[in-house]
Amino acid sequence: MTRTAGAQIGCQRLSRFWGLGCPKIYHEAEDTLALKKADAGIAVSGATDAARAAADIVLMAPGLRVIVDAIKLARTTFERMQSYTIFRIAETIRIIIFMSLAIGVFQFYPVTALMIIVLALLNDIPILAIAYDNTKVREQPVRWNMHQVLVMASWLGLAGVLSSFLLFWILIVYMKLPLDFVQSVFFAKLVIAGHGTIYNTRIDDWFFKRPYPSWILFSATFSSRVIGTIIAVYGFGLMTPIGWEWALGMWAYALTWFVFNDAVKMLVLRFYHHLKGVVVEI
C-alpha cells in the first residue's frame, strides 16, 4: 500500500476490520515492487503513476476511509443475505410441510391455487425491502455457516408448522367450520404470520432490540399484511370473506406465535453457544 499523509491514520482501524495485522505502508521507491507482490495491492489517492499501474485497487478519495466504508457495506449486505436465506428456508418448510401433511394425511387443502398466487405476490414486497433493512456491522470478518443457518431456519419453520396444525385442529376438529371459510382464515394467517418471520430472522437477538427495522422494511411488511387482511375480510370474489372479527383474531394468533418463534430463535442460539463454545453469529 503506498504511503500518503492520511494512510497511517486509518491503518489500525482498517486492520481491525480485516481481522489481520496492520497493512504495510511502503515508501515511494518500493511501491511498484511491493504492490506487485502483495495479495491485494492498493494504491491510495496521490500515489505515483507507476504505483497505480501496479496496484489491484486504486483509491480515488484521500485516506483509507473508503476501504473501511466498503467493508462495512459488504458486511451489511452479508447480514441482509443471511436474513433472507433463513427467512426463505423457514417459510418453505412452514408452507410445504404443512400443506403436504394436510393434503396427504388429512385430505384437506389449506389454501386454493388462487390464494397461493396472491400469497406469492404479497410476499414479493417485503422480500425486496430486506435489501434496505438496518443491520449490525460486526467488528470481525463474517462468513457463511450453513449448518447453523439450516438448523435455525428448520426450527423456525417447524414452529410455523406447529402453529398451523394447531389452528387446523381448532377450526376443523373443534369448531367444525366450513372448508371454504377455513381456507380463507388460513390465507389470512399465512399472510400475517409469514411476514412476521422476517423480524425473527433479521438479527441474532430479541426482535425489539437494536438495530431497529428500517422504515422501508416496516412499511412493506405492514402494508402487505393489511392488504392481505382486507382481501380475506371482504373476499372480493377470490375467497369466502371472514369478516373483521376473525381477521383481528388471526392478527392476535400470529403475533402470539411471533413472540414464541423469537423465543425459539434465542434458545437455539444459546444452545449453539453452549455446544460450540463460541459466540454465535447468525
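Mentor: We shall take the core and then the salt bridges. This is a predicted model in which local features need pLDDT of at least 70, side-chain atom pairs count only at pLDDT 80 or more, and totals for chains, interfaces and linings use all residues. Residues are numbered from 1 along each chain as its sequence is written, and side-chain values use heavy atoms, with hydrogens and water left out.

Trainee: Which residues have the most contacts inside the largest nonpolar core?

Mentor: A nonpolar core is a set of buried Ala, Val, Leu, Ile, Met, Phe, Trp, Tyr and Cys residues joined through side-chain atoms within 4.5 Å. Buried means under 20% relative accessible area, exposed over 50%, and partly exposed in between (1.4 Å probe, protein chains only). Here the largest core has 35 residues, and those with the most contacts inside it are Phe98, Leu167, Val185, Phe186, Phe187, Ile242 and Met250.

Trainee: Where does Asp204 form a salt bridge, and with which residue?

Mentor: A salt bridge is a side-chain nitrogen of Lys or Arg within 4 Å of a carboxyl oxygen of Asp or Glu. Asp204 pairs with Lys136, their closest N and O atoms being 2.7 Å apart. Asp204 lies in the loop between H7 and H8 and Lys136 in the loop between H5 and H6, 68 residues apart; helices (H or I, at least four residues) and strands (E, at least two) are DSSP runs, numbered from the N terminus.

Trainee: Is Asp204 buried or exposed?

Mentor: Asp204 counts as buried at 12% relative accessibility, whereas Lys136, at 26%, is partly exposed.
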